[in-house]
Amino acid sequence: MVVEVDYFGSMPRQFLTGMFFVCFSLLNLFWFIPDQVPVLVITDTGPTPVTFPIFICMAMMFLGIILVVLGAKELKERQPKKAVAIEQTSRIRLFVSIVSMFIYVLTTEYLGFRVSTFLFLLFFSRMLGYQKYLQAISFSVLSTACIYAVFTYLIQIPLPRGVIGW
Amino acid sequence: MYADIVSGFFQFIHPFTFFCLFSGTLAGVIIGVLPGLGPTMAIAILVPLTFNMMPLPAMAFLLGIYVGGIFGGSVSAILINTPGTPAAAATLLDGYPLSRQGKAKKALKMALYASVFGNTFSVCILVLITGTLASIALKFGPPEYAALILFSLTVIGALTGKSLVTGLLSGFLGLFLATFGPDPVDGSPRFSFGIMELGDGFNILPMMIGLFAISEVLMKAEKKITSFKNSATLSFSDKPEDNRVSWKEFKESLRSMFRSSAIGAFVGALPGLGSGTAAFLSYGFAARGSKNRKNFGKGVLEGVAAAESGNNAVCGSAMIPLLALSIPGDLVTAVLLGALMIHGLTPGPLLFQTHMDVVYGIYMTLALSSIVLLFIGLLSFKFFGFLTKMPRYVIFPIVVVLCFAGSYGLKNSLFDVYCMFFFGLIGYIMLKVEFPQVPLMIAFILGPMLESQMRQALLISRGDYSIFIHSPIAVGFLILTFISMFFIVYGKRKGKL
């Protein structure tokens, strides 16, 4: 049985999403586009490299404002709801998943694909519910070996070996 | 032309192409059966296996996954009441009740025959229409192409997702992300933020792997799994007639299969609708037109046949706009377009001039995929029960490692792997706030084309925007855009869309 988790159950999604897009567009229009898109050739015959990004950001801002208005309207009309209790373990599980994936990539540079993949598979499968240690270890070893063999020998894509050559 | 057909045929009959098609279909069926994985994710994580292949074997492998994955999704719908793909949700309506009556094998066999029927039908439509459409598209100039892309993006953005605004916003976000990297006209660098690897913009593969695979893994990882046993227990009847589809039963469903295949082929060729819509439309029409309509939803074989032939008929016809116009109609074809581009092939009318052999090879591959699917489907019935019980703690860690290896393998760069996780997080947030991912992906793919066509048109007209209303074809597409927007807004307000 799987328990669904909804972090945004008691929050105005539309409003937040709209606000995000308005801020994102403003940030781009006034900071990133002038800073990151140099106009090397100025012509009077048509758009420059900044035209398309500016047009997109303006459209995003316009749609974002619509979402903010819709969200605010919904917020006004909505009956007060009981706060939705969010299970703490789900948040922790999500956080740990993200961090473990990040650490996996980070350690691959130093430990190499084989060692870090084995450790990641062992940890992640245990976290998702693999209960028996011996089985989890065998699964991690076998999966690492198979994926490594397929990529390195079968389709000849070299995988990172790390500083210790693994 | 004949030389291209012969060349395509010789590439097609190469044993390695056969092997790729067979292994792709098998992988597609297996991944489709596994709950939580679908053809989109399957193609995204398995594209790296094709890096060193020639274009046709690579396409055979990916098309095999596509066709197999759509069928595989219906297996878990029938056996454990969990659709492996959104398209299989309609199959569940009659498939699962049949399964509960002990007729799971009968339902699975009918699903397989109907899938093969629908797929074959749509391949015929593909072969008949695509060439003509491509030859018309050859007459398109930059203003016409820009208007066509605008039309497709608007319809896809407006149709997908719960709200019109979020769909369009998702499309614009995709267009914005596509502007990272060199300017398509003068090559000026854009949004590199001083990062050397970002100078060429985001790579499509890490992006699609992150958006469709990592986000799903995160969604599943946060859910509490209290029991690993599926709630449904499978039981198979001992009676032979409950385990096979008789000729009479097949004949009774044939009318529905024809109608559903036609619906599926039509829906597949339109942008933004996809196989889920095709399956439900087909099921609805079959239920209305059947003598047995009262029993629909209680375990009618015709219902399974209609839904399955409808959703599989999308496979071939969705390739029509992809091959002829370079416009992906749904998520899977968007991912396929990305895969084609990785292999140096840009679909569109020019493909029909420069790589006609590959086009013929793709036709032949798709046609053969039906037979391969039938063969694999019939042989693998015994394993389906086992696959549906595969626990998540085995599937998802492997998916993450495959995502890592695939993203890294593109350029041997860890930057791509970080990008993949970044897009995985974005995809996860999008899923959480019910923000559609499809328009983002399709807009990201079509964005550079839209910008370059628009700017070329404006260069031709020396900055005069009226060039878009001087061409009758472009005007036609712009009018179509407004009309379809009007109907979509109207339909959403009435709750019909």
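**A pocket and a chain interface in a predicted model**

H2(B) is the biggest contributor to the lining of the second largest pocket, giving 8 residues (helices are DSSP runs of H or I, at least four residues, and strands runs of E, at least two, numbered from the N terminus). This is a predicted model, in which local features need pLDDT of at least 70, side-chain atom pairs count only at pLDDT 80 or more, and totals for chains, interfaces and linings use all residues. Residues are numbered from 1 along each chain as its sequence is written, and chains are lettered from A in the order in which they are written.

Lining residues have an atom within 4 Å of a point on a 1 Å grid, and a pocket is an open set of points where a 1.4 Å probe fits, with protein on both sides within 12 Å along at least five of seven lines. Here 30 residues line the second largest pocket, and Val150(A) and Leu402(B) are among those nearest its centre. Helix H5 (133–154) of chain A and helix H18 (392–411) of chain B are among the elements giving two or more residues. The lining has 27 nonpolar residues (Ala, Val, Leu, Ile, Met, Phe, Trp, Tyr, Cys and Pro), 3 polar and no charged ones (Asp, Glu, Lys and Arg), with the others, Gly among them, counted as polar.

Turning to the interface, 68 residues of chain B are in contact (heavy atoms within 4.5 Å) with 70 of chain A. The two chains bury about 6,100 Å² between them, 76% of it on carbon and sulfur atoms; buried area is the accessible area (1.4 Å probe) lost on being put together, summed over both parts. H18(B) gives the most to chain B's side, with 14 residues. By class, that side has 43 nonpolar, 12 polar and 13 charged residues.

Note on methods. Side-chain values use heavy atoms; hydrogens and water are left out.
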